[in-house]
Amino acid sequence: CEEYAKLFREAVDTSEDLGTVLDKVTLKTQSSWRPVTKLSSQLYQVARLIKSRTDRSAERDFFFVQIDGFDTHKEVVETLEILFKDMNDSIEKFVVELKAQKIFE
């Protein structure tokens, strides 16, 4: 129980430390990027993490985002149009931010 409490405390501290770092992050495109979908929100958070890499002493990061809704059995064309538009819009905003951070090649 003591080891669990110690590990739990370390996890809470790590989470609070990350929160403190992210509170200081201002994206270059923050005034024009308002995430409205799950994917856009995820990429927005990834952009914030990338921007904070120096403060986090991160040499290398790995990020995973996902989008659901592709398992459709009706209105396939309409559903795919919505999903692809979300992907396009979200990735476009993400790339604009990375270019503004001068880290997109």
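## Terms and model

Buried means under 20% relative accessible area, exposed means over 50%, and partly exposed lies in between, using a 1.4 Å probe and protein chains only. The model is predicted: local features need pLDDT of at least 70, side-chain atom pairs count only at pLDDT 80 or more, and totals for chains, interfaces and linings use all residues. Residues are numbered from 1 along each chain as its sequence is written, and side-chain values use heavy atoms, with hydrogens and water left out.

## The nonpolar core

Start inside. A nonpolar core is a set of buried Ala, Val, Leu, Ile, Met, Phe, Trp, Tyr and Cys residues joined through side-chain atoms within 4.5 Å. The largest one here has 13 residues. L27, W33, L43, A47, I50 and F94 touch the most other members. Helices α2 (38–51) and α3 (76–100) each supply at least two residues of this core. Helix α2 gives the most, with 7 residues. Helices are DSSP runs of H or I, at least four residues long, numbered from the N terminus.

What does F94 touch, leaving aside its neighbours within four places in sequence? F94 is in contact (heavy atoms within 4.5 Å) with W33, L43, V46, A47 and I50.

## Q66 in the loop

Now look at the loop between α2 and α3, where Q66 lies. Residues up to four places away in sequence are not counted here; beyond them, Q66 touches K38, L39 and Q42. Q66 and L43 are 23 residues apart in sequence, yet their C-alpha atoms are 9.6 Å apart in space.

## Aromatic pairs

A pair of aromatic rings is described by the distance of the centres and the angle of the planes. Rings of Phe, Tyr and Trp (its six-membered ring) pair if their centres lie within 6.5 Å; planes under 30 degrees apart are stacked, over 60 edge-to-face, and the rest tilted. This rule gives 3 aromatic pairs. One of them joins Y4 and F8, which are stacked at 6.1 Å centre to centre, with 20° between the planes. Both residues lie in helix α1 (residues 2–23), 4 residues apart, about one turn of the helix. Y4 counts as exposed, because its relative accessibility is 58%.

F70 and F84 form another pair: the centres are 6.2 Å apart and the planes are at 45°, so this pair is tilted. This pair links distant parts of the chain, 14 residues apart. F70 is in the loop between α2 and α3, and F84 is in helix α3. F70 is partly exposed at 37% relative accessible area, and F84 is partly exposed at 45%.
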